[in-house]
Amino acid sequence: MMDELTAAERQALDALPRESDPGQLLEERTVRALREQGLLATARVSGTRDVSAAHVAPQSRPWWRSAAAIAAGIALFAGGMSIGQVLGSRQTAEAFQTVFEDGDVQLASQVQRTGSEYVASLVALTAANGATADSGQAVEVALTALWAAANEIVRLAPDDPLAARILQGFQARAQVMNRYEASNQLLVEF
Amino acid sequence: MRAQAVVPTTDRVLAERVANSGDETAFRELYGRHTPRLYQFVLRVLGGDEAEAEDVVQETWIRATANLGSFRWEARFETWLTGIGLNLSRNRLRRSGRLEALHDEGRRGVEPRGRDERIDLERAIALLPAGCRTVLILHDLEGFKHSEIAEKLGVTEGTSKSQLWSARRHMRQLLGPAA
């Protein structure tokens, strides 16, 4: 008595999606967990797929890459990434409050460190914006710190929209880098 | 002018990079290829709980990465990964009391719908008892045979068939015209 599906039922089942994107944050969370368990090597520059690829890039970067990094920094600023807004984010503030109410010294310390990383990153980015193309590495370091800090926020407040926006900014930056890498991989013969 | 295409790296090559040197870039490539399907599958088996599905996907990748060295590549990587996700999902369902013994589950009905309540197919699947829902997903959506389902779930083929029948019956009740 197998009671086969009707054609309409079969069609409806076939129409259901077989794939669904869980979002970038899950990827970052998974990579972090794998690193913590020693299953992935800790990259010098970690984060999105393309940011991590940056550590294999040659030391002498073309001027425009630094410019792109600086532009990404400006875009992040323009996107509303200021310290006041970070602390003003409702969800982040609630997470901070919970941490302190729970009296968890270790977490509180981590929050403090996260804040310091943000400040350091912003200062470094500001400095890099006014510098020459040679400051590309400084920008990379600042962005790495910023990425790490944003991840800390996401860990504390997974639904925080601002932290998610920062990570999206990194993704956009990575796509710019990716296009450059792809154009380098394309071999053209005349 | 002729452009030379870049040949995509196989799952095996990427997996070996991850297993041998913890290559993060290779991992992210593998993750990007297989997670959308894994996530959708796990999400359905768990009845639509997104947070739980994300936890299971993460745990699946951790288990898979830790055991890459023991994978023989006799099956497709995706199939192996889905198998891990299925086991982890069932463990969660079992621990939370949502997975009854399959032969008991078939006898239990589904919550009756209200007179005017109509639901879509995805919702109907999510409302099925967890065990027969899993069989329906594996058979009617993922295309596994009863012999394969029986092996995956540790039941007989007969149980798999009766659970599928039960799942389809429940699903029709849920989707049928309001009483």
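Among contacts in chain A between residues at least 6 apart in sequence, what percentage join residues at least 24 apart? In this predicted model, the figure for chain A is 69%, where two residues are taken to be in contact if their C-beta atoms, placed from the backbone, lie within 7 Å. In chain B, residues 24 or more positions apart account for 66% of the contacts with a separation of 6 or more.

Residues are numbered from 1 along each chain as its sequence is written, and chains are lettered from A and ligands numbered from 1 in the order in which they are written. Because the model is predicted, local features need pLDDT of at least 70 and side-chain atom pairs count only at pLDDT 80 or more, whereas totals for chains, interfaces and linings use all residues. The model scores ipTM 0.85 and pTM 0.59. For chain B, the mean pLDDT (the predictor's confidence in each residue, from 0 to 100) is 88, and 84% of the residues reach 70 or more. Where pLDDT is low, the predicted coordinates should not be read in detail.

Chain A holds nine helices and one strand, with helices (H or I, at least four residues) and strands (E, at least two) defined as DSSP runs numbered from the N terminus. A residue is called buried if 20 or more other C-beta atoms lie within 10 Å of its own, exposed if 12 or fewer, and partly exposed in between, with C-beta atoms placed from the backbone. By this criterion, 32% of the 190 residues of chain A are buried, and 39% of the 179 residues of chain B are buried.

Not counting residues up to four places away in sequence, B:Val42 touches B:Ala53, B:Val56, B:Val57, B:Gly85 and B:Ser89.

Helix α3 of chain B (residues 50-66) has 17 residues and should span 24 Å at 1.5 Å a residue, which agrees with the 24 Å between its end C-alpha atoms; the expected span is 1.5 Å times one less than the number of residues. Its buried residues, among them B:Val56, B:Val57, B:Gln58 and B:Trp61, pack against α2 of chain A together with α1 (11-21), α2 (24-45) and α4 (77-95) of chain B. On the chain A side, A:Thr30 is found in helix α2 (residues 24-36) and counts as buried because 24 C-beta neighbours lie inside 10 Å. Leaving aside neighbours within four places in sequence, A:Thr30 is in contact with B:Tyr31, B:Gln58 and B:Trp61.

In the loop between α3 and α4 of chain B lies B:Trp73, which counts as exposed because it has 12 C-beta neighbours inside 10 Å. Phi of B:Trp73 is near 65°, a positive value in a residue other than glycine. In helix α4 of chain B, B:Glu78 is partly exposed, with 14 other C-beta atoms within 10 Å. Beyond neighbours within four places in sequence, B:Glu78 is in contact with B:His34 and B:Arg37, and the C-alpha atoms of B:Glu78 and B:Leu30, residues 48 apart in sequence, are 9.9 Å apart in space.

Helix α7(B) is mostly covered, with 11 of its 12 residues buried, including B:Cys132, B:Arg133, B:Leu136 and B:Asp140. From its first C-alpha to its last, α7(B) reaches 15 Å, close to the 16 Å expected at 1.5 Å a residue. Just after α7(B), B:Gly143 takes a positive phi of about 80°.
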